[in-house]
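These are my notebook entries from a friendly first look around. Please keep the picture open beside them as you read.

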Amino acid sequence: MPEAPLLAFDVGGSFVKAGLVDAVAGCVAGEVLRRPTPQGAAPIEVIDLLAAMAGELPSHGPVGLAMPAVTKRGVTWTAANIDKRWIGTDAVSLLEARIERPVVLLNDADAAGVAEMALGAGRGRDGTVMVLTLGTGIGTALFIDGRLLPNTELGHLEVHGIEAEHRASAKVRVDRRLGWVDWAAEVNAVLASYHALLWPDLFIIGGGVTENWQYFAPLLTSRAEIVRARFGNDAGIIGAAMAASAGNP
Ligand code: BGC
């Protein structure tokens, strides 16, 4: 019997997404709800929003939750693009208490990476693979022979004195009104730093900005292979549902 779709959330600095996901096929079943992240994104307001969205997407079973933070054993430990009150918040207990279902929490880029490695651009790829999500910040997920090293947070690595995500996130491109050439040069500087540190075999580039892949992909350079993520904006919820289905991040 096919597995029922699982509810999954992807909390971002700008938007919160929720969807029902067929974790085996790696696709969203029906509509993805997308709501602006509450101003300040304090835990209680976000949990309220997640509970309301859960009500709009009737489902059963475990729930996946991707957050833009270091996550360990259900707790969020950093908050670069969300309210600082998330630091030390037991997100799993809060959401489980509200929706009365088991919740699996993981970092949003790790979730996207899990989806890409299982059924997307990284499927069957061994060696060192780095998945990047270019959005409000830069998320990174690192895989060695298909196994995730969680919470790498290399969006905060300093690249020539400036944090990678303050150089080359999709938000920076819009905020600074950078053209594709100038923005791609920033992405290339970030890729070069990551390469010098980790010598990945493959970079998988994701995030909503990859809808414009044709404008910037030809400008990207690295000693490693560079490919486009398969799942685009839905990677976070798909990977979170896969983690929920497996029962662990
Ligand atoms: C956060 C990461 C997150 C990334 C992408 C960064 O600012 O520290 O946890 O994965 O943004 O959302």
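Which side chain does a polar contact join to that of Thr140? I looked it up: the partner is the side chain of Thr152, at 2.9 Å. By a polar contact I mean a pair of N or O atoms within 3.5 Å; within protein, one must be able to donate a hydrogen and the other to accept it, and residues adjacent in sequence count only if both atoms are side-chain atoms.

Before going on, I noted that this is a predicted model, where local features need pLDDT of at least 70 and side-chain atom pairs count only at pLDDT 80 or more, while totals for chains, interfaces and linings use all residues. Residues are numbered from 1 along each chain as its sequence is written, and side-chain values use heavy atoms, with hydrogens and water left out.

**Entry: Thr140**

I stayed with Thr140 and found its place in strand β11. Strands are DSSP runs of E with at least two residues, helices are runs of H or I with at least four, and both are numbered from the N terminus. Is Thr140 buried or exposed? Thr140 counts as buried because its relative accessibility is 2%; buried means under 20% relative accessible area, exposed over 50%, and partly exposed in between (1.4 Å probe, protein chains only). The side chain of Thr140 also reaches the backbone nitrogen of Leu154, at 2.9 Å.

**Entry: the ligand**

Next I looked for the ligand and found it in the largest pocket. A pocket here is an open set of points on a 1 Å grid over the protein atoms alone, where a 1.4 Å probe fits, with protein on both sides within 12 Å along at least five of seven lines.

I then listed residues around the ligand, including Pro68, Ala80, Asn107, Ile138 and His156; each has a heavy atom within 4 Å of it. Which distances separate oxygen atoms of the ligand from polar protein atoms? I noted 2.5 Å to an N or O atom in the side chain of Glu153, 3.0 Å to a polar side-chain atom of Asn81, and 3.1 Å to a polar backbone atom of Ala69. The protein covers 93% of the 310 Å² of accessible area that the ligand has on its own (Shrake-Rupley method, 1.4 Å probe).

**Entry: strand β2**

Why is β2 largely enclosed by the rest of the structure? Six of its eight residues are buried, so the rest of the structure largely encloses β2.

I checked its partners, counting two strands as paired if DSSP finds at least two bridges between them. Strand β1 (residues 6-11) runs antiparallel to β2, joined by six bridges, and the two form a hairpin with three residues between them. Strand β4 (residues 33-36) is also antiparallel to β2, over four bridges. Ala18 is a handy landmark: Phe9 stands opposite it, and Leu33 is its bridge partner in β4.

Strand β3 (residues 27-28) is joined to β2 by two bridges, again antiparallel, with Cys27 as the bridge partner of Asp22. Four residues lie between β2 and β3 in their hairpin, and Gly26 in the turn has a positive phi of about 70°.

Key. On a 1 Å grid over the protein atoms alone, a cavity is a set of points where a 1.4 Å probe fits but cannot get out, and a pocket is an open set with protein on both sides within 12 Å along at least five of seven lines; lining residues have an atom within 4 Å of a point. A molecule sits in a cavity or pocket if more than half of its atoms lie within 2 Å of its grid points.
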